[in-house]
Every structure is written in C-alpha cells, then in structure tokens.
Amino acid sequence: MRGDIGTDDPRVRVRRGRKGKKTRRRSKDRVDYSAAPIAMVTAVDRGRYTVRLDEHDLRCVKARELPRGSVIVGDRVRCVGDLSGRPDTLGRIVAVEPRRTELTRSSEDTPQAARERPMVANVDLMLIVSALAAPEPRPRMIDRCLVAAYAAGITPVLVATKADLAPAEPLLRHFAGLDLECLSTRLGEDGCEGIDALAERIRGHTSVLVGHSGVGKSTLTNALIPDADRATGAVNAVTGRGRHTSTGAVALRMDESTWLVDTPGIRSFGLAHIDTEALLAGFPDLAQAAESCPRRCSHLSDAPDCRLDAWAATARDRARLDSFRRLALTKSLALAPWEIR
C-alpha cells in the first residue's frame with residue numbers, strides 16, 4: 001500500500017528506495033582545510049588546473065563544492081590529495097584564498113547581456129601592450145584597459161612595442177594628461193632593445209600582459225623568460241590584425257619573486273561591470289575637475305553645468321575628454337563600442 005504523499009494526483013510518482021539500503025545522513029560539519037598547503041594556480045585547461053607548490057608543478061581538479069569558474073590563474077588555493085607531482089596523479093583544490101586584486105572584463109558592453117569574466121587574480125601590474133605599427137595602435141582600447149586597471153586597484157604600465165617601425169610620440173601624446181608610466185621596445189641587431197628596463201620594472205611583482213593579438217605579448221614573454229617557449233605569430237596582411245597564438249592565460253615564473261601572466265589576444269574589453277564613478281577613476285586628470293560638477297552629473301556632452309568642458313579648454317586636451325565620454329556614452333546607451341560613431 002502506497003504511503004500518504006500529500007496528493008491524490010495519479011501523475012505524481014514517488015521514487016521508491018531500495019529495500020535494505022541505508023542512507024547516510026549528511027553531516028553539518030565541514031572539513032577544516034586551514035592546514036592544507038597553499039599553491040598558486042598557473043594555468044587552467046578544461047577542468048584541469050596546474051598549480052605551483054613550492055618548487056614543483058601539480059595537476060589538480062576542483063572540489064565539487066567550489067562553484068564553476070571560481071578558480072582562475074593567479075589564485076592562491078589550498079590543495080589536498082596526491083601532491084607529489086608524479087605523472088598520472090591528481091591533487092584536489094578545496095579552497096580559494098581571498099584575492100588581493102581581481103582583473104575582470106565583461107563579455108559585452110550591454111548591461112542586460114553582459115557577464116563578468118574574471119581574467120586573473122592577485123596581480124600588481126597591468127602591462128598594456130600596444131604595437132606602434134602592424135597592427136596600428138588603438139588608443140580607445142588602451143583607455144578601456146586603464147579603466148579596468150584603476151577600478152581593480154592594479155597599477156597600469158603602457159608598453160609600446162615595435163618602436164623600430166614607428167615613433168612612440170603620437171601614441172604617448174594621447175595620454176599626456178595621465179600619470180601613466182610608458183616603456184617602449186624595439187627589435188635590434190642584438191635582440192629586443194628595451195627589454196632590460198621592462199624586466200627591472202616588473203621585478204618583484206606579479207604582472208599581467210593585456211593587448212590585441214599580434215602586438216607582441218608572447219614575444220615579450222619569451223624575451224623576459226627565455227625558456228617560456230610561447231608561440232608567436234605574424235599579423236594578417238589583409239585585415240591588419242594579429243592571429244591568436246595563446247589559447248589561455250598562463251603564469252610563468254621569471255625569478256623567485258617575479259611572475260608574468262601571458263593572456264590571449266582580446267578583441268574587446270567590456271566595462272558593463274564598472275559604474276560611472278569607477279569609470280571616471282580611470283581618468284584621474286578628469287576626476288579632479290569633476291569634483292566641481294553638480295551632484296549626479298553624467299559628465300556627458302549634454303550634461304548641464306559639467307565642468308569637464310572648461311577643463312578641456314584650459315588643458316587643451318580634448319582627446320582625453322572625448323575618450324572618457326565615448327566610454328560613458330557606450331555604457332549609458334547600452335551599446336557596443338563599434339555601434340557608436
């Protein structure tokens with residue numbers, strides 16, 4: 001005789017348990033992993049994680065209780081299981097330590113469709129790599145990276161590559177109003193000139209390389225870490241764009257205190273997860289002038305009594321204001337950047 005299930009609806013079916021099978025009650029107690037060793041995630045590949053523990057690399061899987069996408073390159077994680085690093089062995093990531101910084105971009109610029117995509121954790125420096133030619137530099141893409149860096153509390157450094165093909169001054173002039181550190185590299189007879197200055201700047205830090213395909217991120221990585229052996233590619237002669245050679249972010253060790261994260265080339269950098277005030281923080285030269293604006297000023301061209309126009313006239317730097325307003329307009333109209341002319 002069927003037990004009372006609270007309804008007479010014949011469509012409701014009750015799954016019967018196996019006779020004689022005892023079910024174990026789920027305990028409310030959780031295992032304490034505070035003593036588990038801490039490792040650094042250096043690569044993520046289809047559900048497998050490479051982590052650096054002490055002086056050797058391990059392959060790990062993620063514990064079920066950790067949500068999907070909760071472990072990214074740069075994370076400090078606690079691991080248990082087989083941590084020997086021998087072939088055909090797997091450890092298990094059971095906890096993620098709090099992040100000092102988190103670099104995030106949105107999948108789209110439309111707030112309704114956007115989804116935040118954490119790129120890398122616990123980095124100190126963002127190396128925004130831009131070629132001076134082949135492909136042509138894209139200042140507005142650099143603007144977007146700057147906004148993401150400032151919002152995440154990461155120090156940005158502009159790295160201009162291929163200085164042997166074009167001068168850096170026109171690009172650097174666009175950022176003259178910012179206190180932005182800029183370094184340049186060029187190919188010379190003795191290799192990559194300027195690489196020593198870049199190596200000295202990032203020493204003791206964890207840095208992430210960000211930029212379009214073909215700008216030279218993997219080339220810089222190979223120059224800084226000779227045994228990295230990162231694949232490099234040429235720029236498409238028809239489209240002027242680089243070809244993807246890196247398939248995923250990977251953290252590489254330069255020395256005991258220096259890590260470099262190489263990332264795949266990106267086509268766009270969505271900012272839907274950043275509000276207007278955080279966006280303005282990416283333009284510190286404008287933020288100071290905006291303190292005199294009326295409360296809740298949108299800072300767009302049609303905003304009444306906005307003080308940014310007066311600042312641009314005095315500073316003679318209209319390009320910075322136009323760049324900021326292009327980003328702000330992109331967000332306010334919920335349009336993708338290529339839809340705004």
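Biologist: Which parts each supply at least two residues of the lining of the largest cavity?
Modeller: Strand β8 (125-131) and helix α1 do. Helices (H or I, at least four residues) and strands (E, at least two) are DSSP runs numbered from the N terminus. This is a predicted model, where local features need pLDDT of at least 70 and side-chain atom pairs count only at pLDDT 80 or more, while totals for chains, interfaces and linings use all residues. Residues are numbered from 1 along each chain as its sequence is written, and side-chain values use heavy atoms, with hydrogens and water left out.

Biologist: What is a cavity here, and what is a pocket?
Modeller: Both are found on a 1 Å grid over the protein atoms alone. A cavity is a set of points where a 1.4 Å probe fits but cannot get out. A pocket is an open set with protein on both sides within 12 Å along at least five of seven lines. Lining residues have an atom within 4 Å of a point. Grid points are joined across faces, edges and corners, and a volume is the space filled by probe spheres set on the points.

Biologist: How many cavities of 30 Å³ or more are there?
Modeller: The search of the whole structure finds 2. The largest cavity holds about 100 Å³ of space.

Biologist: Which residues lie nearest its centre?
Modeller: Val129, Ser130, Arg138, His212 and Val215, out of 15 lining residues. The largest share, 4 residues, comes from β8. By class, the lining has 10 nonpolar, 3 polar and 2 charged residues. Nonpolar means Ala, Val, Leu, Ile, Met, Phe, Trp, Tyr, Cys and Pro; charged means Asp, Glu, Lys and Arg; the others, Gly among them, are polar.

Biologist: What does aspartate 143 touch?
Modeller: Leaving out residues up to four places away in sequence, aspartate 143 touches His174, Phe175, Phe283, Arg320, Ser323 and Leu327. Contact means heavy atoms within 4.5 Å.

Biologist: How many disulfides does a search of the whole structure find?
Modeller: The count is 0, where a disulfide is a pair of cysteine sulfur atoms within 2.5 Å. Cysteine 182 counts as partly exposed because its value is 31%.

Biologist: And where does threonine 219 lie?
Modeller: In helix α4, residues 217-224. Threonine 219 is partly exposed, at 39% relative accessibility. From threonine 161 it is 58 residues away in sequence and 9.8 Å away in space, C-alpha to C-alpha.

Biologist: Last one: how many helices and strands in the protein chain?
Modeller: There are 8 helices and 15 strands. Of the 341 residues in the chain, 44% are buried.

Note on methods: Buried < 20%, exposed > 50% of the residue type's maximum accessible area, 1.4 Å probe, protein only.
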